[in-house]
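Dear colleague,

I am handing over the structure below, and my notes on what was found in it follow directly after. Please read them with the coordinates open beside you.

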Amino acid sequence: MHNWTDIKREIEKAGKILIFTHMSMDGDAAGSSCALCKSLRRMGKEAYILLEDECPEYLLFSDGEGCFVKEAPWTADAAIAVDCSGDSRIEKRVDAFRAAGVRLCVDHHIKTGPFADYEVIDPDSPAAGNLVFELLKDMGAPIDKSIAENLYTAIVTDTGRFRFSNTTPQALLDAAELMGYGIDYSGICNKIWDSTPLPQLKLEALAVDRAEIFAGGKAAISWCNQEDIKALGAKTEMTETCIDRLRAIQGVEIAAFLKEKEDGRLKCSLRSKEYANVNAIAAKFDGGGHERASGCSFKCSAEEALMQLKAAIEEQLG
């Protein structure tokens with residue numbers, strides 16, 4: 001159990017709360033932030049989740065109550081960062097985060113520097129959703145079926161359907177407890193993994209077709225730009241699953257996928273299967289995350305970024 005005293009006190013004092021999660025949302029980011037937002041609203045708080053990019057289509061079911069906004073409706077009494085613990089993950093929203101009366105953080109990524117006034121950060125937690133679940137129970141906050149489904153979404157996605165190395169006993173215990181709220185766990189999995197838009201599948205196929213296998217077959221790297229995305233009738237957020245297809249290649253330990261964002265920035269996703277520390281690779285480029293899943297950005301050409309990534313991956317693999 002974690003010490004929630006400071007965070008509980010500040011939440012209880014606040015009337016208007018803005019929640020921040022990392023750009024390029026995944027299931028943990030969407031699920032944990034929506035669960036917290038809905039519970040705060042049921043406590044009588046004014047609460048929203050401030051975004052800077054679009055929620056991926058396959059995760060839109062997580063909201064359903066108008067939690068997501070693109071502009072802050074007011075200056076918050078409290079800002080809560082969930083599933084992120086650094087300015088680089090909320091680049092265009094940093095000012096809104098800092099303008100709040102108090103800044104809080106609930107996260108399970110490796111901390112990279114000063115960020116919030118009060119925080120609970122546990123890199124050993126399977127997902128941010130586990131921490132939010134613990135916080136809500138510690139506060140005696142409302143948890144209903146919708147909130148439980150958000151928390152289950154967070155946990156089941158960040159543990160890779162309970163098959164990644166971060167699947168701890170606590171992950172399974174929390175999932176079992178959440179099932180007690182009558183959640184549609186099968187429906188959640190169908191929405192996330194079995195309702196893929198055709199353009200997204202085409203992007204995944206492009207990533208695999210374009211993949212370069214190197215480091216003796218232990219690494220795979222691929223990329224796409226905005227021209228590719230538009231040609232396939234896709235959206236930038238649909239690229240999020242390309243990295244999973246690369247990691248799935250037989251013999252590959254480290255996978256890297258570089259994508260061009262709408263504003264021309266280059267974002268890289270890094271994943272490993274069993275032993276490689278991709279967080280160490282991301283850190284070389286001022287990124288971060290977990291040992292098995294991390295990300296970073298580049299301010300150079302795609303060709304230069306790919307060359308730097310390959311060198312760092314080969315070094316990590318020894």
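The lining of the largest cavity in this predicted model comprises, by class, three nonpolar, one polar and three charged residues. Those residues are Pro56, Glu57, Tyr58, Gln200, Lys235, Glu237 and Met238, and the volume that they line comes to about 40 Å³. With a threshold of 30 Å³ or more, the count is one cavity.

Turning to the sheet, the six strands form an open arrangement in the order S3-S2-S1-S4-S5-S6, with parallel pairing. Strand S3 (68-69) and strand S6 (118-121) stand at the edges with a single partner strand each, so one side of each has no neighbour in the sheet. For S6, the pairing with strand S5 (residues 102-107) is in the parallel sense and runs over four bridges, and Val106 has Val120 in S6 as its bridge partner.

On the H4 side the contact is made by Gly129, Asn130, Val132, Phe133 and Leu136, while H5 contributes Ile147, Leu151, Ala154 and Ile155. Sorted by class, this contact of H4 with H5 has seven nonpolar and two polar residues, and no charged ones.

Best regards

Key:
Residues numbered from 1 in each chain as written. Predicted model: local features only at pLDDT ≥ 70, side-chain atom pairs only at ≥ 80, totals over all residues. Heavy atoms only, no water. Pairing = 2+ DSSP bridges. Helix = DSSP H or I, 4+ residues; strand = E, 2+ residues; numbered from the N terminus. 1 Å grid on protein atoms, 1.4 Å probe; cavity = no way out; pocket = protein on both sides within 12 Å on 5 of 7 lines; lining within 4 Å. Points joined across faces, edges and corners; volume = space filled by probe spheres on them. Nonpolar A, V, L, I, M, F, W, Y, C, P; charged D, E, K, R; others polar. Contact = heavy atoms within 4.5 Å.
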